[in-house]
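Please report on the structure below.

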Amino acid sequence: MVFWEGYVSDEVLGTFAPIGVYWLYSAMYHFVIPPFENYRLHSVEDERTKNLVTVPQVVRGVLLQQLIQVVVALLLFTVTGQEEKVQQPELWVVALQFVMAMVVMDTWQYFCHRWMHLNKFMYKHVHSLHHRLVVPFAFGALYNHPLEGLLLDTVGGALSFLVTGMTPRTAIFFFSFATIKTVDDHCGLWLPYNPFHYVFWNNTAYHDIHHQLHGTKYNFSQPFFITWDKLCGTHMPFVLQKRVEGGLEARPLQKKIE
């Protein structure tokens, strides 16, 4: 028994919970940035001058993608739904499905993401929209071209759900977790004691390297592991250094720069 049972279905909550989580978690980063300027990976001036898109454009782009996600999620739950209530499996099964879903999502997103960089047409007309955020920030995590949002995120999520056979209730937690991780990777802050930085090598600084001009051929993996980058030779190691003007900077190791 969960607190929402009897008020809203797992399918509806699985559709809308990740959206609410996205904006709440992003807002948290937006409001905690001022006291933590010394942990920024880019200066406020860099964010203002280097980004090629305005904040209102980012918000509109994210809302459009989330609308597409809602439509696809509702269709997916309708097609895969059963008349009888689905029994939630044991906790160890749920944990196994979580890990499997992470692997499926990582695999899909790595190869799809890399293809969008290597294919000149796809990069110019589709993926370059996301890279207008040279200096990433939290609520820009899902700022993509609608086609990219559909292929990379929505299809990747649908595959994770279908391949693992997770229930709609498990999907609520998995997609909310994946959303938090994606926002964290784009937040532009290297905060002390952030658990994601201890558990995952694929983290805020790792993805920040990819958004820089010297890193667009590397660090395609997202949002959880760096396995495919390691296996496919696209991994760019980095070091964190203090900036003279304050804050931190993720610097690639010199041998990888082309």
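At 26% relative accessibility, E47 is partly exposed in this predicted model. E47 forms a salt bridge with R40, with the closest N and O atoms 2.8 Å apart. A salt bridge here is a side-chain nitrogen of Lys or Arg within 4 Å of a carboxyl oxygen of Asp or Glu. Side chains of opposite charge can pair when their charged atoms come close.

Residues are numbered from 1 along each chain as its sequence is written. The model is predicted, so local features need pLDDT of at least 70 and side-chain atom pairs count only at pLDDT 80 or more, while totals for chains, interfaces and linings use all residues; side-chain values use heavy atoms, with hydrogens and water left out.

**Salt bridges**

By this rule, the count comes to 9 salt bridges. The table lists some of them.

| Pair | N to O distance |
|---|---|
| E47 and R40 | 2.8 Å |
| R40 and E37 | 3.9 Å |
| R169 and E5 | 3.8 Å |

R40 is buried, at 8% relative accessible area. The bridge between R169 and E5 links distant parts of the chain: R169 is in helix α7 (residues 168–185), E5 is in the segment before α1, and 164 residues separate them. Helices are DSSP runs (H or I, at least four residues), as are strands (E, at least two), and they are numbered from the N terminus. R169 counts as buried, at 13% relative accessibility. Salt bridges that share partners join E5, D10 and R169 into one network.

**Aromatic rings**

Rings of Phe, Tyr and Trp (its six-membered ring) pair if their centres lie within 6.5 Å; planes under 30 degrees apart count as stacked, over 60 as edge-to-face and the rest as tilted. This rule gives 20 aromatic pairs. Y22 and W23 form an edge-to-face pair, 5.2 Å centre to centre, with 80° between the planes. Y22 is buried, with a relative accessible area of 1%, whereas W23 is partly exposed at 26%.

Y110 and F220 are also edge-to-face, at 6.1 Å centre to centre and 75° between the planes. Y110 lies in helix α4 (residues 91–118) and F220 in the loop between α9 (204–211) and α10 (227–232), so the pair ties together parts that are 110 residues apart in sequence. Both Y110 and F220 are buried.

One aromatic cluster is formed by F98, F174, F175, F177, F196, F200, F224 and F225. The charged end of K181 sits over the ring of F200, 5.1 Å from its centre. For this label, NZ of Lys or CZ of Arg must be within 6 Å of the ring centre and within 35 degrees of the ring normal.

**Helices and record entries**

V12 is in helix α1 (residues 10–32). V12 is partly exposed, at 34% relative accessible area. V12 and F77 are 65 residues apart in sequence and 8.8 Å apart in space, C-alpha to C-alpha.

An unreviewed UniProt entry lists residues 12–32, 58–79 and 91–112 as "transmembrane region". UniProt positions follow the numbering used here, feature names are shortened, and annotations may be inferred rather than shown by experiment. Residues 12–32 are 100% helix and 0% strand, and their end C-alpha atoms lie 31 Å apart. The UniProt annotation "domain: Fatty acid hydroxylase" (unreviewed entry) covers residues 98–234. That span is 61% helix and 0% strand, with end C-alpha atoms 26 Å apart.

Key
Buried < 20%, exposed > 50% of the residue type's maximum accessible area, 1.4 Å probe, protein only.
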